[in-house]
Amino acid sequence: MSDAPAAFGSRYADWVDAPAERWRSRLTQVPLTLLAHDGTTDVGVVSGQPAGPDWVELISMWVDPSARGTGLAGRLVGAVVGWAADQGRSTYLMVRSDNVGARRAYARAGFVDAGVPEGWPVDEPPEHRMELRL
């Protein structure tokens, strides 16, 4: 995550030294968190949380540079989309406009770019909402 600090709503510095209780709280407040590892090293993480009656929001997606281009991102995204579909919900995510690689990966997974939401704060970097409807 420190390799792409601009890609996340949270900052690496905000979490790197966080106490264990803060991490436990994050894991208990978000109903789905999946971790990918290659046997010895963590190489990916993704989370999902319900967002109203019809949607699940895909959050906290990260794939280690060593695992990019291997299809891991698609499998992690697919797991969240499947979890959402099992609940009869569509999936959406927010991604920074300048994160071209992530936007391409989400598009390959079937997400459609719905643009920057109306009323986005002018003092915040723009983020696109991408959706995958059932």
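Which side chain makes a polar contact with the side chain of Glu-57? I looked this up before anything else.

**Ground rules.** I am working with a predicted model, where local features need pLDDT of at least 70, side-chain atom pairs count only at pLDDT 80 or more, and totals for chains, interfaces and linings use all residues. Residues are numbered from 1 along each chain as its sequence is written, and side-chain values use heavy atoms, with hydrogens and water left out.

**Glu-57.** I found the partner to be Tyr-92, at 3.3 Å from side chain to side chain. A polar contact here is a pair of N or O atoms within 3.5 Å; within protein, one must be able to donate a hydrogen and the other to accept it, and residues adjacent in sequence count only if both atoms are side-chain atoms. Glu-57 sits in strand E3, residues 55–63 (strands are DSSP runs of at least two residues, numbered from the N terminus). I noted Glu-57 as buried because its relative accessibility is 16% (buried means under 20% relative accessible area, exposed over 50%, partly exposed in between, with a 1.4 Å probe and protein chains only). Leaving out residues up to four places away in sequence, Glu-57 touches Ser-47, Gly-48, Gln-49, Ala-51, Tyr-92 and Met-94 (contact means heavy atoms within 4.5 Å).

**Ser-90.** Next I checked Ser-90, which belongs to strand E4, residues 90–96. Ser-90 counts as buried, at 10% relative accessibility. A polar atom of its side chain lies 3.0 Å from the backbone nitrogen of Leu-134.

**Ser-60.** Ser-60 counts as partly exposed, at 31% relative accessibility.

Terms used:
Helices (H or I, at least four residues) and strands (E, at least two) are DSSP runs, numbered from the N terminus.
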